[in-house]
Structure formats: structure tokens, C-alpha cells
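Please read this report alongside the sequence and the coordinates. It goes from whole chains to single contacts.

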Amino acid sequence: MSEVEKGQVMTANRLRDGEVVFLTRSGEWNEKIDEAVLALEPQATAALEARANEDVKATLVTGSYLFDAERVGGKIRALHMRERIRTLGPTVRLDLGKQAEGTGGAFAFKEA
Amino acid sequence: MYRYDEFDHQFVQERTAQFRDQANRRLSGALTEDEFRPLRLMNGLYLQLHAYMLRVAIPYGTLSSKQMRQLAYIADKWDRGYGHFTTRQNIQYNWIKLEDTADILAALAEVEMHAIQTSGNCIRNVTTDHWAGAAADEIADPRPVGELLRQWSSLHPEFSYLPRKFKIAVTGAPNDRAAVKVHDIGLRLHRNDAGAIGWEVMVGGGQGRTPMIAVTVRDFLPEKELVAYIEAIMRVYNLYGRRDNKFKARIKILVHEIGAEKFKAEVEAEYERRPEQTTHVEEKELQRIAAYFAPPAFEKLSRFSPAFEEAKLLHPGFARWARNNLAAHRVDGYTIVNISLKPEGGIPGDATSDQMRLMAELAERYSHDELRVSHPQNIILPHVKKDDALAIWQALVPAELATANYGLAGDIIACPGMDYCSLATARSIPISQAISRKFADLDVQEKIGPVKINISGCINACGHHHVGHIGILGLDKKGEEFYQITLGGSSAENASIGSILGPGFAGHEVADAIEKILTTYVKLRQPGEEFLYAYRRLGPQPFKEALYAAA
């Protein structure tokens, strides 16, 4: 629980519907950030980039990039608010997006 | 009522079929994202934080009830049951799938709507006064001129690849509700001493990272010369506008860099070169377009409506709403109904599909089947009999559409911000909600009086913060959202760019800061002096002291 690991997650939007997806250990794209690989070293991020570039070419996803994240108690949290919003949904509509569909991350937004 | 002509009808059908093919080619991999992006943007399709976003054009903010119902249908069938009305008088859907988009465009085409000219480096769809054809202070309806320019500029090959996007706004009234001085070109109709009407042509206004007020290049241009003259402006811009740097590519930078006098001389020289006979718009063409905007058949009514006056006495809530949300109509016995899309704690500009259908029904029954979208993100029923105002209010109340805050502190402009937008550096909506809750008491809002609070979630200024009487700009400071406050902006005929008051605030501090500013104003104002004028008289100092001295 106490251990915090910092690293990077590869994300993109799925081409056909724009859904926010994250690259998993098995090289698939998943809607849940908790399924994502947290790359802890340059070698790992390079591998994620190579895989993402292939899938952009294969028209599975679009607009791929890495963002900073940390693993806290086994769950992944984006460091920046922008990426937290992408992993959950709008902070002003808790009834919409991943947070409402059971695919949101573990660190949910609170009611205003 | 505004309608397409036959050319538009066929063209939009063809464009939808074309986009269906383009989207299929993208999905199959035949087109790369770099190839596809400009094509989807030409059809209003963006990729945002959670999904694709479709921006649908609403020319002059004018909608029939049938069109509004179709917007509700699209929200239910392909989105999440709501839409966001924007500061460009358009509507955006936030949860669109690429694979559905061609079907949505086809559904729009069924009601003569589309998403063309809502994106890209073209002449964007023209905006006008949202009270056009209804306002008591209007000289003439500005929409026929907007439509003339639209028909001329739509997919104009010479102006499809401009250095940057290009926005034109038109007002036919002396009280500018179309923000013409902060557009690339602003047009203002006015009368000369002889009583003739002509157009003041203003160029080089804009917001974004380099806000500027437009300069006047012609004070009194006859209507038939408008197209030819604007063509000369566009040619000078197309030739000299910078293409090396996106941030310096708008016409305002050109006007600023070479100077207003030199710019004007270039335009006049270009205009001189043109053969007059072939470039003036024929009177019959102006009349043909004006017929699209023929006023509805108004009844001959008394200016005084006993039913309306009695209703105000019987229902204090209605009286307040009538005081704040109704505006003077040019025809006796009629009024303009401004429906606030800013309920306490709500999301500015958002409407559910049920709300859209209700507003469509009210328009059909009481407003000659017509609705308008305003750039401050509200919906307007432009032609309502005063006798019917009570029935409208009673229908709006249970739908949370009767907030009596039009033009007051709760009537906040806000862009979608970082809750939706991929360009945003901070959230806008939660700030707007916190301010709206802070001033939930309408007695307090009425005591403060007219004030425009505008919030943008990034420097691109979709939330018009530069021209808010109080502007709020959300930025990113070392990974955290923070907010700059500006005072003294205006987008009206007395246009000005607001000045930054001092150091920024964290998100949770903003509403308190706004309260301190408005409390200071109420304390120092002269009788009847609105916030903007008090600020111009007092300057920033008392507001700075209120915000920063104690800390």
C-alpha cells in the first residue's frame, strides 16, 4: 500500500469511436487505466512507443502519447488533471464517461 | 424564416456522401490521420478528450422548431442526451463516434443543417445579433447580409486555404450584441445625416492569445459594394497574411504589423483595381436573399397588455423573470424571451434533449416557430406576444429553464474547458458553477445589476474572457490549474480588452475573489452606474486593494 512507483502510461483514442484507451502488458488497448502498463524505465517506454506507432499505422488508434502516472496501492493514477479527466470522464458530469460505466480509474472525482 | 436554397440542398447531400466515403477510407486504413484530419475538420469533426466532438453550424443562431427537435433526436440517438450551445451560436456534441458521423450528417441534412464552415482555415459561418429581426433598436435585420456573405464565401476556392480561420460578425443595431469589434471583420449598419443606411467595415479585431479591437477601414459603405469590398480585404490578407507562424497568422496581426493606415491603403488599392460593373451585388439578388428572412405575420396589438401586467402582480417569480429575461420587441404587444441556459450550479450552454424539445414546442406555439442561439450561450424565442409570456414562463419553470438571471452575474459564459477540450489548460465549468452558487440569491444578482463574467479554459479565449467585464482565464502553472482575473473588458459598441488585475488564484479561490470585486463595486458605485462604467471611472486600484491588500 505504501509503495508509490512513478512512470509513464501509453494512451490514445480508439479510431472508430474516439474512446480513450491505454496500452496493456499484453500489447492490447484497454479502456481501463488499471489494465495499463506503467513503464518505469526508458527501455519500457520505448517498447510502448514502438507498439503504439504500429497500431496507429494499423488504424486501431490515433493520437498516441505517453503521460506521467504513478502506481499507489496497486492502482494507477495520472499525475496531471487533464489525464485524470481522460481516465474517468468530466469532473462536472459524474454520470458520464468511464466513471459512470465502470471502466474508470480507482481515484474517482468527488461530488462538488 | 431562414431556409436553404436549392443549391445548398444538393450540395449538402453530396457533401454527406463524400464524408461517408472519406470516413470509410480512414477506418479501412486507406487514409492516414494526417490525410483525414483536414477532411474531418471541414465537416466540423474534432477529436477531444473523451471522444470525437461534432460542431454543427446554426447560421445566425436561427433555428426552426423542427430543426431544434432534430438536434434533440441526434443528442439522444448518437450522443448522451444533451448538447452544448457555443459562443459561436453553434451546437457541439461531446460523445460522437467516427463510425456514426456520416449518419449524423445525413440526419442534419434532412432538416437543412450541416457542419460546414465550423472549422478549418476558411471563412467560418457568419454570426449576427441574436435578436435580429426582433430588437426594438434595430435599423434593419443583419441576417440577409450575413447570408449574402455566406453564399459568396461558402467553399470559395480563393478563400478555402487562408493563412488562418476567419470570422465575420454583423449587427444591424447600434447596441452591439454580436461583438463585431472582436471579429476578423465586423460590420455595423448605421444611418448618415441624410437618413441613408450604410455599413461601417471594421477589420482586425479578435481574441485568442493576442486580443485586439478592430479598426474601421470604411465608415459608410453601400450595401451593394459589401461583397466586392470584403473580397478586396480577403485578397490583401491572403497575400500578406503570415503563414510561417500559426500564432501570427490572423488578420489582426497583419493589420497591427503594417499599421491600420497602410492596411487600409492596400485594401483601397485592391478595391480600385476591380471592374465595378461586375462586382456590385444586384438589387434583385439582395431582395431574393432578404425574402428568406421575411418577418412573420405579426398581429396588430396594443403596446399595453393587461394580461401581462396582471400576471406580474399575481406572480412575483414571473415579475422578476419578466424584468430580467424579456427584451423590447420592435412590434407593439410583442416581446423577446431570453431563456437562460445558466441555472444555479449548471453548465453554461448545456441543454438536455428534453429541454430542447420543450423549447421547440414553445417556439412552435408562441414564437412563429423560431428560436435563436445567442453567443452568450442562451436560447431566445424572438417573437412572443406579451399575452403569452406567462404561459411560457410556467412551462419553463419545471424544466429548470426559467432562471431569471439574463445579463446578471449568474449568466456566465464558459467554454467547455478541460472537462472536455483537448486544447484546454484548465477547467472552466467548475469555476462557473462555483460563482453561480455564490450568487445564487437573485436579489443579490439584481442588486449588483448587469455584469458579464466570461471564463476561458485556455488562451484561445473561446469563453471570451478578454471582453468580459470580469474575465477569468484558466492556465496551467507547473501542472496545477490556476486562474487569472481581468477587469474592464467589453464586446459591445464600447469594446475594450480587459486588464489583468494581479497574481492569479487557485480554482477554489476564484468565486471568493469575484465576490470581493463585486462587493467593492457595490460599495463604490454611483447611483445607477453599471459595473463596467464604475471600473472605467475607478480604475483597478480599489479592486486590487480588495483582493490583494489583506493577504
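The text below treats the two chains, then selected pairings, then the interface.

This is a predicted model, in which local features need pLDDT of at least 70, side-chain atom pairs count only at pLDDT 80 or more, and totals for chains, interfaces and linings use all residues. Residues are numbered from 1 along each chain as its sequence is written, while chains are lettered from A and ligands numbered from 1 in the order in which they are written.

**Overall figures**

Helices (H or I, at least four residues) and strands (E, at least two) are DSSP runs, numbered from the N terminus. A residue is buried if 20 or more other C-beta atoms lie within 10 Å of its own, exposed if 12 or fewer, and partly exposed in between, with C-beta atoms placed from the backbone. Two residues are in contact if their C-beta atoms, placed from the backbone, lie within 7 Å.

| Property | Chain A | Chain B |
|---|---|---|
| Secondary structure | three helices, five strands | 19 helices, 21 strands |
| C-alpha box along principal axes | roughly 40 × 35 × 20 Å | about 60 × 60 × 60 Å |
| Buried residues | 39% of 112 residues | 52% of 551 residues |

**Strands of chain A**

In sequence order, chain A reads β-β-β-α-β-β-α-α. Two strands pair if DSSP finds at least two bridges between them. Strand β1(A), residues 4-14, runs antiparallel to β4(A) and is joined to it by 10 bridges. M10(A) faces L66(A) of β4(A) across this pairing.

β4(A) also pairs with β5(A), residues 75-78, again in the antiparallel sense, over four bridges. Here R71(A) has I76(A) in β5(A) as its bridge partner. The two strands β4(A) and β5(A) make a hairpin with two residues between them. G73(A), in the turn, has a positive phi of about 55°.

**A helix pair in chain B**

Axes are lines fitted to C-alpha atoms, for helices over the stretch in contact, and angles run from 0 to 180 degrees between N-to-C directions. Helix α5(B), residues 143-153, packs on helix α10(B), residues 283-292, at about 115°, and their axes are 9 Å apart. From α5(B), the contact uses P144(B), E147(B) and L148(B). From α10(B), it uses L286(B), I289(B), A290(B) and Y292(B).

Ala, Val, Leu, Ile, Met, Phe, Trp, Tyr, Cys and Pro count as nonpolar, Asp, Glu, Lys and Arg as charged, and the others, Gly among them, as polar. By that scheme, the helix contact has six nonpolar residues, no polar and one charged.

**Where the chains meet**

How many residues of each chain are in contact with the other? The interface joins 23 residues of chain A to 22 residues of chain B. On the chain A side, β4 (61-72) and α2 (81-88) each supply at least two residues. α2(A) gives the most, with four residues. By class, this side of chain A has nine nonpolar, nine polar and five charged residues.
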